[in-house]
Amino acid sequence: MENTVLKTLEALKANRMEAYYAENKQEALDTVLSLIEKDNSVASGGSMTLKEIGLIDALKNQGYDYWDRADIKDPVDYPAFFRKSLTADVYLSSSNAITENGELYNVDGNSNRVAAMLYGPKSVIVVAGINKIVKDLDEAALRVKTVAAPLNTKRLAKKTYCAEKGICVKVDGDMSCGCSSPDRICRNFVVMGPQAQVGRVKVILVNENLGY
């Protein structure tokens with residue numbers, strides 16, 4: 001795994017992203033906070049990883065200008081909030097999978113997360129445990145279909161095949177999903193490769209299993 005992590009870090013750098021290694025949750029938290037100025041506005045995608053390293057609580061408790069989706073009480077206000085998040089100085093997220101070739105692979109339902117990762121915020125910080133590292137995009141798609149999507153749909157109480165069976169209805173073949181449920185969360189499939197803007201995307205790989 002050590003060689004795999006090193007290879008992935010170097011590949012991320014080659015793809016014009018900043019790459020960091022953290023030995024544990026605390027080191028990951030400290031690294032993220034060191035990359036955020038106190039006067040920065042900060043938004044985030046839904047992420048178990050960010051919660052697990054204590055980042056959301058730290059932002060709230062240490063006086064950062066954090067735009068918290070939990071403050072939205074009426075679902076009708078979500079679209080406006082998501083659009084506002086595109087203007088944040090810093091956007092925080094995890095990733096569904098990170099390939100050894102330095103690609104970030106993400107599958108979204110609403111797609112506010114991938115939209116902000118691709119364009120808008122001045123800085124994007126991605127935190128991911130080593131359990132998210134995969135060999136290539138085929139393995140990335142497989143990871144979403146057998147791990148990330150089933151666990152997230154179950155957590156969100158979605159009525160989908162993968163929530164019930166623990167695996168996508170279409171495991172073989174390409175990245176597409178065969179689910180016909182209106183509750184499906186796999187709607188847009190995004191691969192982030194070599195970046196146009198050097199260092200806008202910053203990836204912190206943590207030597208722990210984190211998130212889905």
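A: Strands here are DSSP runs of E, at least two residues long, numbered from the N terminus. With that naming, glutamate 100 lies in the loop between β5 and β6. The model is predicted. β5 covers residues 97–99 and β6 covers 104–108.

Start with burial. Glutamate 100 has a relative accessible area of 16%. Buried means under 20%, so glutamate 100 counts as buried.

Next, its neighbours. Leaving out residues up to four places away in sequence, glutamate 100 touches Thr4, Lys7, Thr8, Ala11, Ile133, Val134 and Lys135. Thr4, Lys7, Thr8 and Ala11 have numbers that fall within helix α1, residues 2–14.

Which of these contacts is a salt bridge with glutamate 100? The partner is lysine 7, at 3.3 Å from N to O. A salt bridge needs a Lys or Arg side-chain nitrogen within 4 Å of an Asp or Glu carboxyl oxygen, so the pair qualifies. The two side chains also make a polar contact, again at 3.3 Å. The cut-off for that is 3.5 Å. Side chains of opposite charge can pair when their charged atoms come close.

What does the pair link? Lysine 7 sits in helix α1 and glutamate 100 in the β5–β6 loop, so the bridge ties together parts that are 93 residues apart in sequence.

Is lysine 7 buried or partly exposed? Its relative accessibility is 45%, so lysine 7 counts as partly exposed.

Now the wider setting. The whole structure holds seven salt bridges. One of them pairs glutamate 208 with lysine 25, with closest N and O atoms 2.6 Å apart. Glutamate 208 lies in the segment after β10 (201–206) and lysine 25 in helix α2 (25–34), so this pair ties together parts that are 183 residues apart in sequence. Both ends are partly exposed: glutamate 208 has a relative accessible area of 22%, and lysine 25 has 31%.

Another bridge joins lysine 60 and aspartate 68. Their closest N and O atoms are 2.8 Å apart. Lysine 60 is partly exposed at 46%. Aspartate 68 is buried at 8%.

Glutamate 100 is a buried residue in a loop, and its side chain meets that of lysine 7 in a salt bridge.

Methods. Residues are numbered from 1 along each chain as its sequence is written. This is a predicted model: local features need pLDDT of at least 70, side-chain atom pairs count only at pLDDT 80 or more; totals for chains, interfaces and linings use all residues. Side-chain values use heavy atoms; hydrogens and water are left out. Helices (H or I, at least four residues) and strands (E, at least two) are DSSP runs, numbered from the N terminus. Buried means under 20% relative accessible area, exposed over 50%, partly exposed in between (1.4 Å probe, protein chains only). A polar contact is a pair of N or O atoms within 3.5 Å; within protein, one must be able to donate a hydrogen and the other to accept it, and residues adjacent in sequence count only if both atoms are side-chain atoms. Contact means heavy atoms within 4.5 Å.
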